[in-house]
Amino acid sequence: MKAYQFDEHGGPITAHEHETPAPEGAQVLIKVGACGVCHSDVHLWEGYFGLGGERRLDTRGSQKELPFTLGHEIVGEVVALGPHASGGASGVSVGDSRVVYPWIGCGDCAVCQRGDEQLCNRPAALGVNVDGGYADHVLVPHPRYLHDYGNAPAALACTYACSGLTAFGALKKVRDRAQGSYLLIVGAGGVGLAGVMIAQAIMDTEIIVADIDPAKLEAAKAAGATHLIDSREPDAGKQVVKMTRGGPLAVVDFVGNDASAKFATGCVGKGGLAVMVGLMGGELRMALPMLPLKNMGIQGSYTGRPDEMAELMALVRDGKVKPMPVAEHPLAEVGQMVEDLRDGKIVGRVVVTP
Ligand SMILES: [Zn+2]
Ligand SMILES: [Zn+2]
């Protein structure tokens, strides 16, 4: 099999030949049909998250070994099943097309047992901790991580494993507050755009999108956003507060840098909640009395639970989620795609296909 790997963090991502693995136990071998390129790939490749100023969170230890294969938004065809992977509730057979839930945990710890496998402290997430989908084949440890994606195109379906699920997990946290009111989405990159699409499927709300990039605002408008805010304008926050008569109760920051977090938390209305999703890196400084005085909350959200993936894919199969535009490129260009994403040159979602 061919895998596109890096040998050192920040180094070139190039083709490596390996023996195609045979699935053991409950493992399933997937022939990759498409794999989405995600901003997290930039951090995992560079080996750190910015923590504000010069401080960095080193993530180089998260990969089991180098060379490493990134890629956590995977769809493909089941080509081989381990001896314990067939039958039962899993119901997957050779030849089935499936999207892969990549946020795999140990399965045994208290976090996994309560259903938050994506937060496990001993993770084995595909394309993050163990080899992922920038390859022609990938091993999935159990058929329970595979989901039917109905009639959705493969190149779109793969994006639900991270950008879609991440948006869904965050939106569920603010759904009650946004219902019949306003939702402020900060950042219209790949995940923010998925948020615009999925919000329309799960809540009745007016969607305000703020971004610093006019092209991304245009994409948000096409996706169904009702109001656009150019957050480069000095009174952008005031515009949001005025429009919503006191500030939205539901705010999701899909960027996660100093400026976006300041903007997002500053816009929240009394009794509202700001959900922080983006991992661009930075820090938030705010006057503490504002938290009690505004009776507001700030919550983080990381990808989504296995049961949320099942819920999201049911919405997709039922045709409830509007399709997001994706640009397809050959897998051989994946290194360039990750660099372009780092340099902010990509609008919407890029998917690579072997
Ligand atoms: Zn991702
Ligand atoms: Zn665990």
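Conventions. I am working on a predicted model, in which local features need pLDDT of at least 70 and side-chain atom pairs count only at pLDDT 80 or more, while totals for chains, interfaces and linings use all residues. Residues are numbered from 1 along each chain as its sequence is written, chains are lettered from A and ligands numbered from 1 in the order in which they are written, and side-chain values use heavy atoms, with hydrogens and water left out.

Zinc ion (ligand 2). I listed its protein donors as the SG atoms of Cys106, Cys109, Cys112 and Cys120, at 2.3 to 2.4 Å; donors are N, O and S atoms within 2.8 Å of the metal (3.2 Å for Na, K and Ca), and since water is not among the atoms, sites may look incomplete. The angles among the four donor atoms run from 104 to 117°, and I noted the site as tetrahedral, a label that requires all angles of four donors to lie between 85 and 135 degrees. Along the chain the donors of this ion follow C-x2-C-x2-C-x7-C, and Cys106 is partly exposed at 24% relative accessibility.

His72 lies in the loop between β6 and β7 and Cys162 in the loop between α3 (154–157) and α4 (163–178), so the pair ties together parts that are 90 residues apart in sequence; helices (H or I, at least four residues) and strands (E, at least two) are DSSP runs, numbered from the N terminus. His72 is buried at 1% relative accessibility, and among the residues it touches, leaving aside those up to four places away in sequence, I recorded Asp41, Trp103 and Leu126, contact meaning heavy atoms within 4.5 Å.

Core and α5. I then turned to the largest nonpolar core, which has 90 residues, a core being a set of buried Ala, Val, Leu, Ile, Met, Phe, Trp, Tyr and Cys residues joined through side-chain atoms within 4.5 Å. Its largest share, eight residues, comes from helix α5 (residues 190–202). Eleven of the 13 residues of α5 are buried, and what covers them includes α4, β11 (182–186) and α10 (306–317).

Note on methods
Four donors count as tetrahedral if all angles lie between 85 and 135 degrees; four count as square planar and six as octahedral if opposite donors are over 155 degrees apart and all others between 65 and 115; anything else is irregular. Buried means under 20% relative accessible area, exposed over 50%, partly exposed in between (1.4 Å probe, protein chains only).
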